[in-house]
Amino acid sequence: MRKLAVVAFGGNALLRSGQRGTYEEQLANVEQTCECLCNLIKRGYNIVIGHGNGPQVGNVMLQHEAGAKNFGIPSMPMDYCVAETQGSIAYLIEIALRNMFAKNDIYKDVVTIVTQVAVNKMDPKFQNPTKPVGPYYTKEETDRLHNETGAIYREDPKGNGWRKVVASPKPKRINNIKIIKQLVRAGNVVVTVGGGGIPVVEECDYVRGVEAVIDKDLASALCAIQIEADEFYILTDVPKVYINFRKENEQALDTMTIDEAKRYLEEGQFAEGSMAPKVRAGIMFLENGGKECIITEAGQLENPYCGTRIVRG
């Protein structure tokens, strides 16, 4: 049987520092990442792809805001914007994979599932939203918007203005997970949980979207657990995980056990908003049946022993 891996695309797979985020830039970036991904498929893996959407969903919210201000077009809520970017980013991934498959003589179908991810409406993160999203506003504008919508705004520490903040709750369940598992086990490449998934809560038989952002690495880890993947790859912009990063005693890690990873997290070795969530996602995968989590950059995938491997110990 082929091995099963979930691969979480980092932000640089789509948009890189200094780029404007044009269609051409994003497609070129995704094609580079997908060509590297062919190395896994040639080594006998079936794969599921998760991806981030941070810059893209921010741009969509700006577009909605401009439409509302200039043309009276109603802006859409956060869950709708996540769904938009799931579709548009997956479209780029599908094109890139098909192009790279043709180049590498790989014959597979690529299937995208616009994916809802259920969260707990009582998650404490909803009581203290901290994730900034969307455009910047003046204090006067945020006071008016808060009175009109109840949304919470906080001042940007760099002095750029005020931004809306939303919760980042833990993913609890991935809808259509059985279909995802069936499709990938049948040999298809499946793109799912884009941007961490469309955040929804379920009340009896009623589902509703919520203003929230789900961490894409945690959502991808949950997907890997629920489809019983052998390995979980988290692609980022560095070849390995480092301790004492950018210091004189910087050290790249080939492997770390769950206990070591937890200790490094407690020591503050990994930055929040950067490597810390990735390491937590790896721990989550391993503590729930996973065999190995590999954190690396896409260009390293041709090496079977690439990156930093988190293992059970």
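**View 1. Packing of helix 7 against helix 8 in the predicted model****.** Helix 7 (residues 258-267) and helix 8 (residues 275-287) pack with their axes 10 Å apart and at an angle of about 150 degrees, where axes are lines fitted to C-alpha atoms, for helices over the stretch in contact, and angles run from 0 to 180 degrees between N-to-C directions. Helix 7 is therefore roughly antiparallel to helix 8, given that angles under 35 degrees count as roughly parallel, over 145 as roughly antiparallel, 65 to 115 as roughly perpendicular and the rest as oblique. The crossing of the two is left-handed (left-handed if the near helix is turned anticlockwise from the far one by less than a right angle, right-handed if clockwise). Ile258, Ala261, Lys262 and Leu265 of helix 7 meet Ala276, Val279, Arg280, Ile283, Leu286 and Glu287 of helix 8, contact meaning heavy atoms within 4.5 Å. By class, this contact has seven nonpolar, no polar and three charged residues, with Ala, Val, Leu, Ile, Met, Phe, Trp, Tyr, Cys and Pro counted as nonpolar, Asp, Glu, Lys and Arg as charged, and the others, Gly among them, as polar. Helices (H or I, at least four residues) and strands (E, at least two) are DSSP runs, numbered from the N terminus.

**View 2. Crossing of helix 2 and helix 3****.** The axes of helix 2 (residues 54-71) and helix 3 (residues 78-103) come within 9 Å and cross at roughly 120 degrees, so the two helices are oblique to each other. Helix 2 passes helix 3 in a right-handed crossing, and the contact joins Gln56, Val57, Val60, Met61 and His64 of helix 2 to Met78, Tyr80, Cys81, Val82, Glu84, Thr85 and Ile89 of helix 3. By class, eight nonpolar, three polar and one charged residues make up this contact.

**View 3. Surroundings of Leu14****.** Leu14 lies in the loop between strand 1 (3-9) and helix 1 (23-42) and is buried, with a relative accessible area of 2% (buried means under 20%, exposed over 50%, partly exposed in between, with a 1.4 Å probe and protein chains only). Not counting residues up to four places away in sequence, Leu14 touches Glu25, Gln26, Asn29, Val30, Gly52, Gln56 and Ile89.

**View 4. Surroundings of Thr296****.** Thr296, in strand 16 (residues 292-296), is buried, with a relative accessible area of 0%. Leaving aside neighbours within four places in sequence, its contacts are Ile234, Leu235, Thr236, Val238, Pro239, Leu301, Cys306 and Gly307.

**Notes.** Residues are numbered from 1 along each chain as its sequence is written, and side-chain values use heavy atoms, with hydrogens and water left out. In this predicted model, local features need pLDDT of at least 70 and side-chain atom pairs count only at pLDDT 80 or more, while totals for chains, interfaces and linings use all residues.
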